[in-house]
Amino acid sequence: MARKDPRVFVGNKVHFSQICDEEAPQLITHVETTPAPISDEGVLCAIHTGLAEKELLPEQHLFDAGYVTSANLVQSQSGHRVDEGPSHA
């Protein structure tokens with residue numbers, strides 16, 4: 001069980017990555033499913049690893065503020081050479 005604001009989640013959460021290039025179709029490039037209690041910040045490395053395995057890592061990754069930690073920013077840049085763009089709340 002996970003709690004976010006007044007809502008309670010039981011089950012799983014799904015994290016989608018998609019191409020956001022204006023010159024390309026808006027395609028989903030990766031789906032990561034986690035148990036509800038896993039925080040968003042705890043899944044970013046797995047998302048980047050999955051994208052790297054498919055050779056689909058973006059140069060810049062835009063994401064929700066829930067994924068932001070200093071450790072994730074460092075790992076994204078040093079481990080995957082991905083620039084974390086401005087987050088979207």
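How many nonpolar, polar and charged residues does the lining of the largest pocket have? By class, this lining has 11 nonpolar, 6 polar and 1 charged residues, where Ala, Val, Leu, Ile, Met, Phe, Trp, Tyr, Cys and Pro count as nonpolar, Asp, Glu, Lys and Arg as charged, and the others, Gly among them, as polar. The model is predicted: local features need pLDDT of at least 70, side-chain atom pairs count only at pLDDT 80 or more, and totals for chains, interfaces and linings use all residues. Residues are numbered from 1 along each chain as its sequence is written, and side-chain values use heavy atoms, with hydrogens and water left out.

A pocket is an open set of points on a 1 Å grid over the protein atoms alone, where a 1.4 Å probe fits, with protein on both sides within 12 Å along at least five of seven lines; lining residues have an atom within 4 Å of a point. The largest pocket is lined by 18 residues, and Ser-17, Gln-18, Cys-20, His-61 and Leu-62 lie nearest its centre. Strand E3 (12–18) gives the most to this lining, with 4 residues. Helix H1 (44–53) and strand E5 (60–61) each supply at least two; helices (H or I, at least four residues) and strands (E, at least two) are DSSP runs, numbered from the N terminus.

Cys-20 counts as exposed because its relative accessibility is 52%, whereas Cys-45, at 35%, counts as partly exposed. Exposed means over 50% relative accessible area, buried under 20%, and partly exposed in between (1.4 Å probe, protein chains only). With a disulfide defined as a pair of cysteine sulfur atoms within 2.5 Å, the count comes to 0 disulfides.
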